[in-house]
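This report concerns charged side chains and the packing of helices. Please view the sequence and the model together while reading.

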Amino acid sequence: MRALLCHCGLRLEAEDDEALLASVRVHLVRRHPTIPPTDEQVRKIVATRAYNLEYAELYANALDSEDEFGPEPY
């Protein structure tokens with residue numbers, strides 16, 4: 001997954017950079033319509049601001065683990 005944080009605070013996510021390009025373009029046209037972006041501007045935004053996004057599974061096998069809440073208190 002690829003993601004990008006817009007200056008307005010909205011995080012855009014997509015499968016890859018090509019899909020992110022389309023998402024950025026749509027976002028800019030809808031939310032920031034004062035200046036329509038060129039293809040070059042959208043590519044530059046994605047090239048400089050996009051990052052990899054990975055989701056991690058939290059508490060995997062938590063029911064089997066006794067260490068979930070730390071050591072036993074004395």
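A salt bridge is a side-chain nitrogen of Lys or Arg within 4 Å of a carboxyl oxygen of Asp or Glu. The model is predicted, so local features need pLDDT of at least 70 and side-chain atom pairs count only at pLDDT 80 or more, whereas totals for chains, interfaces and linings use all residues. Residues are numbered from 1 along each chain as its sequence is written, and side-chain values use heavy atoms, with hydrogens and water left out.

**Salt bridges**

Side chains of opposite charge can pair when their charged atoms come close. A search of the whole structure gives four salt bridges, including those in the following table.

| Glu13 | Arg11 | 2.6 Å |

Helices are DSSP runs of H or I with at least four residues, numbered from the N terminus. Glu18 is exposed, with a relative accessible area of 53%, while Arg43 is partly exposed at 47%.

Asp39 lies in α2 and Arg25 in α1, so the pair ties together parts that are 14 residues apart in sequence. Asp39 is exposed, with a relative accessible area of 54%, and Arg25 is partly exposed at 27%.

**The contact of α1 with α2**

Two packed helices are described by the angle between their axes and the distance between the axes. Axes are lines fitted to C-alpha atoms, for helices over the stretch in contact, and angles run from 0 to 180 degrees between N-to-C directions. The axes of α1 and α2 come within 10 Å and cross at roughly 120°.

Which residues of α1 meet α2? Contact means heavy atoms within 4.5 Å. On the α1 side, the residues are Asp17, Glu18, Leu20, Leu21, Val24, Arg25 and Leu28; in α2 they meet Asp39, Val42, Arg43, Ile45 and Val46.

Key: Buried < 20%, exposed > 50% of the residue type's maximum accessible area, 1.4 Å probe, protein only. Helix = DSSP H or I, 4+ residues; strand = E, 2+ residues; numbered from the N terminus.
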